[in-house]
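Please look through the structure shown below.

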Amino acid sequence: MEGDIAQFGQFIGAGLAAIGSGLAAIGVGSVAANYLSGALRNPSAAASQTATLFIGLAFAEALGIFSFLVALLLMFAV
Amino acid sequence: MATETVAVVDGHVEEAGGLEFHPFDQFEIKPLFGEIGDPVSWYTISNATFWMALAALSVILLLVIGTRGRAVIPSRVQSAAELVYGFVYKMVEDVTGKEGLKYFPWIMTLFLFILFSNYLGLLPMAFTPTSHIAVTAVLALGVFISVTVIGFMKNGMAFLGLFWMKEAPLFLRPVIAIIEVISYFVRPVSHSIRLAGNLVAGHAMIKVFAGFAAIAAISPLSVVAITAIYGLEVLVAGIQAYVFTILTCIYLKDALHPSH
């Protein structure tokens, strides 16, 4: 495999950025887990909080999407 | 299996062998009529404009033709239209309150356009307009600009109270104000990239596994994986349309009631 040092750096950087996606997965899991544990304690309040759940999921997920985007930019745009 | 995966990764780099197609080919904008290499101008009818028009047409079909009968016992299409209407109406009312209902048609339009773009994009060989940041950025910038204008029109200069926390200790307020201003201007960025990024990631993942299906040893596994991911994508398409809409509602609520 031949390639210059810039391409090497691109691949290393894209791989490092992919770690960010994995860390965002921890955040998304934490949001869902805490919602579920709260919902099982008080099921009557669960339905009114689903909107909050999805907003929390979206905010946690967005940062993972950002690092995915950085990986894509490194692979295809730089 | 590990060696085969390495071979596929090599194929990415050297553009020889490995995957039959690139996972990002599906996001390419092509003119609908004429040669493949033709330039795409703003007036060219491309696959993006075609699928956006199809999404708009489906919304019209659902809401105008579907509810034409006005039956007391609704048909299937009519009850679907009524369900969507009721769902978005309740969401706007819950989040923004009564005065937000004035902007309900705008939010309903956003929700249905994004929902139908997402779902039509899941058809095989289809193009997903919402996977392009250019499309979602226009939607998000429209939300951002109109929400800011609504905020200043409704509250005047009191709208700036959104950035000036009265509850915080006095010496912390300037710091919080700077953070609030930054987070306010990052809103359209995250609003648009969240939608486009989710769809790009999902569609690219399906195509990556479709590339693995060409390798005989793991093709049954990858067909199962494609089916599972497709199911996940159906879920994501709905949830992302919902998230985009409910964030619009929250931004609208901030504009209508800036004093936290």
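A residue is buried if 20 or more other C-beta atoms lie within 10 Å of its own, exposed if 12 or fewer, and partly exposed in between, with C-beta atoms placed from the backbone. With 5 C-beta neighbours inside 10 Å, Met125(B) therefore counts as exposed. This is a predicted model, in which local features need pLDDT of at least 70 and side-chain atom pairs count only at pLDDT 80 or more, while totals for chains, interfaces and linings use all residues. Residues are numbered from 1 along each chain as its sequence is written, and chains are lettered from A and ligands numbered from 1 in the order in which they are written.

Met125(B) lies in the loop between helix 4 and helix 5 of chain B; helices (H or I, at least four residues) and strands (E, at least two) are DSSP runs, numbered from the N terminus. Most residues other than glycine have a negative phi. Met125(B), although not a glycine, has a positive phi of about 70°. Arg70(B), in the loop between helix 2 and helix 3 of chain B, also has a positive phi, near 50°. Arg70(B) counts as exposed because it has 7 C-beta neighbours inside 10 Å.

Chain B as a whole has seven helices and zero strands. Its C-alpha trace spans about 65 × 60 × 40 Å along the principal axes. Of its 260 residues, 25% count as buried. Two residues are in contact if their C-beta atoms, placed from the backbone, lie within 7 Å. Among the contacts in chain B with a separation of 6 or more, 62% join residues 24 or more positions apart.

How do two of these helices pack? Two packed helices are described by the angle between their axes and the distance between the axes. Axes are lines fitted to C-alpha atoms, for helices over the stretch in contact, and angles run from 0 to 180 degrees between N-to-C directions. Helix 6 and helix 7 of chain B pack at an angle of about 170°, with their axes 9 Å apart. Helix 6 and helix 7 of chain B are therefore roughly antiparallel (angles under 35 degrees count as roughly parallel, over 145 as roughly antiparallel, 65 to 115 as roughly perpendicular and the rest as oblique). The residues of this contact divide into 15 nonpolar, five polar and two charged. In this count Ala, Val, Leu, Ile, Met, Phe, Trp, Tyr, Cys and Pro are nonpolar, Asp, Glu, Lys and Arg are charged, and the others, Gly among them, are polar.

A nonpolar core is a set of buried Ala, Val, Leu, Ile, Met, Phe, Trp, Tyr and Cys residues joined through C-beta atoms within 7 Å. The largest has 44 residues, and those with the most contacts inside it include Phe111(B) and Ala241(B). Helix 7 of chain B gives the most to this core, with eleven residues. Leaving aside neighbours within four places in sequence, Phe111(B) is in contact with Val88(B), Ala241(B) and Thr245(B).

Chain A meets chain B through ten residues, in contact with eleven of chain B. The side of chain A that touches chain B has ten nonpolar, no polar and no charged residues. An unreviewed UniProt entry places the feature "transmembrane region" at residues 12-33 and 53-77 of chain A; UniProt positions are given in the numbering used here, feature names are shortened, and annotations may be inferred rather than shown by experiment. Residues 12-33 of chain A are 100% helix, with end C-alpha atoms 32 Å apart.
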